[in-house]
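Colleague: Could you walk me through a few local details of this model? I would like to talk about aromatic rings and backbone angles.

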Amino acid sequence: MANVIVVGAQFGDEGKAKVTDLLARNADIVVRYQGGANAGHTVVANGETYKFHLIPSGIIYTGKICILGPGMVIDPKSFIAEIEALKERGLEDANLKISSAAHVTMPYHLAIDAAEEDSRGDQKIGTTKRGIGPTYADKCARSGIRMEDLLDREVLKAKLDWMVPRKNVLLERIYNLPPLNAEEILNEYYELGQKIKKYVTDTAALIFEAVGDRKNILFEGAQGTLLDLDHGTYPYVTSSSPAAGGACTGTGVGPTSVDRVIGVMKAYVTRVGEGPFPTELTDSFGQKIREVGAEVGTTTGRPRRCGWFDAVIGRYAVRINGLDCLAITKLDVLDGFEELQVCTHYRDRVTGETFTDMPTIGSRYKQMEPVYTTLKGWLKPTTDCKKFADLPEQAKAYLNFIAKELDIPIAIVSVGPNRDNTVVIEDPIHGPKRVLSKPTTAV
Ligand code: GDP
Ligand code: IMO
Ligand code: MG
């Protein structure tokens, strides 16, 4: 194989885990590089459905090294609950590793995430309330607690004795909530650290060695490009770097060691939480996509907002991630539509200007209205298709249209949640390296 990043190329929930699972078969190491228990990654394999939040999807395979990288934030209680549940289902934790530098989500992060959200009113972000923003905020403020700190009672005590009174000022005076007790947190979290200790190591060193040994490393992105802290629809983003660049900073692997970047996009778009979504459908079409696609959040159970495929977002994701090829998922969800719309560009509803590439994402982005091209639906089931040639003509035309609009080859098409509901058009790993200035490569 090679060293490959699988990145969400829309607003999250694109089906990254299904694609990661397909590619993990030939990987030696599967590593998550950012985010935390806000992720909800579903894999359907061997007749079982697995939902992962912190643990890389590669854990399904025996013998793969699975790493929670230093760019992640880890809630130890969620981690232990998740690994215990997976072990009960027969999966092994022998090759599971956690970076000693990953940050720990503490009880005050969870409390503050919820309290901040509730206080924002109509400015709320719609977070998953998993403490993600506050944990990354403390990391950036250089007052976070890292996995290595959980293992040293003295260090943990010193950090908590300084931190907890400060968080209590916020909780009590701003949010009118009860204070937390530093000693109780120390006792509980030191104990949790002892349970997790066996997994904690210098994962950047381990990956560096693997790169030297020409092992195959798969980087599993969480969230999506438009939720990226720097490149997404700020402030309606998560607090980490889901875009492909995050795979380097979030693991300690240099960019020269990455061979390939695969972007995962649904054949339509969904979004959970607040924030602009130009192609959102609030009518019966949106309802139909939600129902057929079972578009309900894996982590929070919230209904996902649904809309037509957005080529402007697609082009942006190709650019920001330097994508080599695409995996298009959930094509089957569109099987029952007579007509499909694809947004090819935006029109600014205030100034009338048009944009084929993303306008600078800022307050103006919410003024963008989609301009659509209508394509014919195929009105035939696609789930049993195994090859591109098996797909209905209009489905091929739909995919070709997307590939042409985004100027990128589609390597994989997913037509159902199971491993075998997959059409491989070209080798996603060893296909030609994409040259960004080259003219369109249609499927
Ligand atoms: P992730 O967060 O990007 O890994 O995606 P999620 O797991 O949150 O959401 C994707 C959902 O769609 C999961 O329930 C998958 O089992 C399901 N899924 C993935 N690919 C397909 C597909 O091609 N067709 C259908 N119908 N479902 C799919
Ligand atoms: P996966 O990995 C979809 C969204 C939340 C909210 C925003 C900020 O399954 O694709 P946060 O709790 O991270 O501070 O919330 O980001 N969000 C996701 N949306 N899929 C996810 O993960 C998400 N993780 C966070 O809904 O809008
Ligand atoms: Mg998800």
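Colleague: Happy to start with a tyrosine: is Tyr365 buried or exposed?

Modeller: A quick word first: this is a predicted model, with local features needing pLDDT of at least 70, side-chain atom pairs counting only at pLDDT 80 or more, and totals for chains, interfaces and linings using all residues. Residues are numbered from 1 along each chain as its sequence is written, chains are lettered from A and ligands numbered from 1 in the order in which they are written, and side-chain values use heavy atoms, with hydrogens and water left out. Buried means under 20% relative accessible area, exposed over 50% and partly exposed in between, with a 1.4 Å probe and protein chains only. Tyr365 has a relative accessible area of 1%, so Tyr365 is buried.

Colleague: Thanks! How many aromatic pairs are there?

Modeller: Rings of Phe, Tyr and Trp (its six-membered ring) pair if their centres lie within 6.5 Å; planes under 30 degrees apart count as stacked, over 60 as edge-to-face and the rest as tilted. By this rule, the count of aromatic pairs is 8.

Colleague: Why is the pair of Phe285 and Trp308 called tilted?

Modeller: The ring centres of Phe285 and Trp308 are 5.7 Å apart. Their planes stand at 50°, so the pair counts as tilted.

Colleague: And where do the two residues of this pair sit?

Modeller: Helices (H or I, at least four residues) and strands (E, at least two) are DSSP runs, numbered from the N terminus. The pair links distant parts of the chain, 23 residues apart. Phe285 is in helix 10, and Trp308 is in the loop between strand 13 and strand 14 (309-310).

Colleague: Which charged residue sits over the ring of Phe337?

Modeller: Phe337 forms one aromatic cluster with Phe285 and Trp308. A charge sits over a ring if NZ of Lys or CZ of Arg is within 6 Å of the ring centre and within 35 degrees of the ring normal. Over the ring of Phe337, 4.4 Å from its centre, is the charged end of Lys288.

Colleague: Now the backbone: what is the phi of Ala294?

Modeller: Ala294 lies in the loop between helix 10 (284-292) and strand 13 (305-307), and Ala294 is exposed, with a relative accessible area of 53%. Although Ala294 is not a glycine, its phi is positive, at about 45°.
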